[in-house]
Each structure stands twice: as C-alpha cells, then as structure tokens.
Amino acid sequence: MIFIVVKFDVKPEHADNWPQLVDEFTQATRAEAGNKWFDWSRSVDNPNEYVLVEAFNDDAAEAHVKSDHFTKMTEEFPQYLSSTPRIISRQIDGEGWDEMGELKVQ
C-alpha cells in the first residue's frame with residue numbers, strides 16, 4: 001500500500017476552520033476506490049499544524065493525484081497555508097493498521 005503523512009502549516013486565521021475548509025476534499029478522497037483511510041489530526045504542540053495520515057491501494061494513488069478534487073485542492077489550499085506542506089510518501093507492505101506489540105490493552 002501507499003502510506004502518506006503530510007504536515008500542513010496553516011495560517012493562524014484559518015487554523016480553527018481548517019476541518020471545514022478541507023471537508024469537501026476529505027470526503028471526495030475518502031470516497032475514492034482504493035482509499036484505505038484519510039485522517040486529519042491537529043498538533044498538540046502547534047495549533048496551526050495539521051497532520052494528514054492517508055493510505056491507498058498500490059494502484060490507486062495515481063488516480064487520486066489526477067482527480068478533479070485533487071487539482072482543485074492544489075489551486076485552493078495555498079491561500080490558507082503559511083508554507084509548502086511537508087510529506088513522507090512510501091510504498092509499504094501491509095493492508096492496514098496492525099496492533100502495537102509493545103503495548104497491549106486487556
């Protein structure tokens with residue numbers, strides 16, 4: 001699968017509204033064939049930073065970046081950001097989340 005983590009440095013005046021600003025893109029991406037997950041989190045250390053964790057089947061990432069909603073995102077998101085997002089994108093073995101072996105909840 002393709003596993004991606006992206007950090008978005010959002011302008012302070014848009015940070016509280018970020019989930020609403022990205023909702024259309026989020027919902028469209030989650031509806032794509034081959035999307036495994038697409039989850040946003042807000043940093044506890046920097047309230048202007050949002051982290052996106054996403055995953056796709058190996059053959060679905062190309063369709064994602066060629067989609068209309070991805071193109072729209074690349075045009076609209078920069079106005080809300082303080083800097084270019086930072087990304088880690090890797091193809092990894094696996095189909096989803098595994099349990100953490102070092103920490104078990106009984």
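I began with the helix pair: H3 and helix H5 (residues 68-76) pack at an angle of about 155 degrees, with axes 10 Å apart. I took the axes as lines fitted to C-alpha atoms, for helices over the stretch in contact, with angles from 0 to 180 degrees between N-to-C directions. Helices here are DSSP runs (H or I, at least four residues), as are strands (E, at least two), numbered from the N terminus.

The model is predicted: local features need pLDDT of at least 70, side-chain atom pairs count only at pLDDT 80 or more, and totals for chains, interfaces and linings use all residues. Residues are numbered from 1 along each chain as its sequence is written, and side-chain values use heavy atoms, with hydrogens and water left out.

**Helix pair, continued**

How are H3 and H5 oriented to each other? They are roughly antiparallel, because angles over 145 degrees count as such, under 35 as roughly parallel, 65 to 115 as roughly perpendicular and the rest as oblique. I noted a left-handed crossing where H3 passes H5. Left-handed means that the near helix is turned anticlockwise from the far one by less than a right angle; clockwise would be right-handed.

I then listed the residues of the contact (heavy atoms within 4.5 Å). H3 brings Glu24, Phe25, Ala28 and Thr29, and H5 brings His69, Phe70, Lys72 and Met73. Four of these residues are nonpolar, two polar and two charged. In this count Ala, Val, Leu, Ile, Met, Phe, Trp, Tyr, Cys and Pro are nonpolar, Asp, Glu, Lys and Arg are charged, and the others, Gly among them, are polar.

**Histidine 69**

I looked up histidine 69, in helix H5. Which residues does it contact, leaving aside neighbours within four places in sequence? I found Phe25, Ala28, Thr29, Glu32 and His64. Histidine 69 and alanine 28 are 41 residues apart in sequence, yet 6.9 Å apart in space, C-alpha to C-alpha.

**Threonine 26**

Threonine 26 is found in helix H3 (residues 23-30). Is it buried or exposed? It counts as buried, at 3% relative accessibility. My cut-offs were under 20% relative accessible area for buried, over 50% for exposed, and partly exposed in between (1.4 Å probe, protein chains only). Leaving aside neighbours within four places in sequence, threonine 26 is in contact with Phe38 and Trp40. From threonine 26 to phenylalanine 38 I read 7.0 Å, C-alpha to C-alpha, and twelve residues in sequence.

**Cores**

I turned to the largest nonpolar core, which has 20 residues. Such a core is a set of buried Ala, Val, Leu, Ile, Met, Phe, Trp, Tyr and Cys residues joined through side-chain atoms within 4.5 Å. Phe8, Val10, Trp18, Trp40, Leu52, Phe77 and Leu81 touch the most other members. Strands S1 (2-9), S2 (35-42) and S3 (49-56) each supply at least two residues of this core. S1 gives the largest share, four residues.

I checked tryptophan 18 next. Not counting residues up to four places away in sequence, it touches Phe8, Val10, Trp40, Tyr50, Phe77, Tyr80 and Leu81. A second, separate core has five residues, including Trp37, Val51, Val53 and Ala55.

**Lysine 11**

Lysine 11 lies in the loop between S1 and helix H1 (12-15). Lysine 11 is partly exposed, at 28% relative accessible area. Its contacts, leaving aside neighbours within four places in sequence, are Gln79, Tyr80, Leu81 and Ser82. Glutamate 49 is 38 residues away along the chain, with 8.9 Å between the C-alpha atoms of lysine 11 and glutamate 49.

**Whole chain**

Of its 106 residues, 34% count as buried.
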